[in-house]
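Dear colleague,

I am handing over the structure below, and I would be glad if you could look through it before reading on. My notes on what was found come after it.

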Amino acid sequence: MKTVLITGASSGIGKETAKYFSQNGWHVIATMTCFDHGKEVVALPNVSSYLLDVTSTESIENAKAKILKNHKTVDAVINNAGIGYRSFVELSEDEKIQHIVDVNWLGVVKICRAFIPVFRAQQHGQFINISSIAGLVNLPLGSFYHSTKKAVESFSECMSYELLEFNISVSTVQFGNAPTAFQSHVVKSEPSAIPSYDRMMKKITDILHKKTKKNTNLTPEITKTLFEIANNPCKNFTRYTIGFDANAMRLLRSKLGYRLFNHVIRKSVLG
């Protein structure tokens, strides 16, 4: 039985991925910041749960020590933990910027740093880093979320070269708005006295919620693809794009080029 470690496994894509892997012959190391929020995952068969805060090196090291004491090998790590922050640059707040950077990017960096020695010692392993379509294209009000996801893309590709000789594979996975509670939990800047800002925030929020509701089949497609990636690690760095929205945006961006793509996005948001 192979073993996968999943960060942010208490809810959303992390929870559904933990379920899928546990039901299909893998043992899951489900990490989360609160067991109460992850009761459904904790109770699953073939799941071992650990408290782990990806923003804290101390928390990661403590969890790692317990994990290695209980598990001989860790075959794959899925860096899934992530949060959203939708804000105008002018209205952004230091604490919220720092938090999204700490979770979405530095969290991935710290988890990879902690488990590279484990993979080297066992002479195999793979990192599957959850990015987003936000890591490939730039959209309104995404200054902070998109920046962290692009950082994950760049970090993952650079790191992959370092690990080639150790039989450690690295991949990133991009998808659009899955029908989870993620959008409902996105932190947004407060309403302002600037009418155009308020109009844009409402329009973007409405578009994203509408897209999320339409993508009813996306979550199982994501979990199945993650399972296939884990079972068939690619030696060379690979990007996987899942779902109609993500693939359409990726193709539009590549085919239209920056200027035309920018024009299409401006028209859809500003009218």
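Predicted model: local features only at pLDDT ≥ 70, side-chain atom pairs only at ≥ 80, totals over all residues.

Within α3, the residues Ser-59, Ile-60, Ala-63, Lys-64 and Ile-67 are buried. On the face turned away from the buried side, α3 carries the exposed residues Glu-58, Lys-66 and Lys-69.

I turn now to the charged pairs. Side chains of opposite charge can pair when their charged atoms come close. The structure holds seven salt bridges, and three of them are described here, beginning with the one between Glu-40 and Lys-19, whose closest N and O atoms are 2.5 Å apart. Because Glu-40 lies in helix α2 (residues 39-42) and Lys-19 in helix α1 (residues 12-23), this pair ties together parts that are 21 residues apart in sequence. Glu-40 is partly exposed, with a relative accessible area of 42%, whereas Lys-19 counts as buried at 18% relative accessibility. Both residues also belong to a network of salt bridges that links Lys-15, Glu-16, Lys-19 and Glu-40.

Another salt bridge joins the side chains of Arg-239 and Glu-153, at 2.6 Å from N to O. Here Arg-239 lies in strand β9 (residues 238-242) and Glu-153 in helix α5 (residues 143-163), so the pair ties together parts that are 86 residues apart in sequence. Arg-239 counts as partly exposed, at 37% relative accessibility, while Glu-153 counts as buried, at 2%.

There is also a salt bridge between Lys-96 and Glu-93, in which the closest N and O atoms are 3.1 Å apart. Lys-96 counts as partly exposed at 26% relative accessibility, and Glu-93 is partly exposed as well, with a relative accessible area of 34%.

With kind regards

Conventions. Residues numbered from 1 in each chain as written. Heavy atoms only, no water. Buried < 20%, exposed > 50% of the residue type's maximum accessible area, 1.4 Å probe, protein only. Helix = DSSP H or I, 4+ residues; strand = E, 2+ residues; numbered from the N terminus. Salt bridge = Lys/Arg side-chain N within 4 Å of Asp/Glu carboxyl O.
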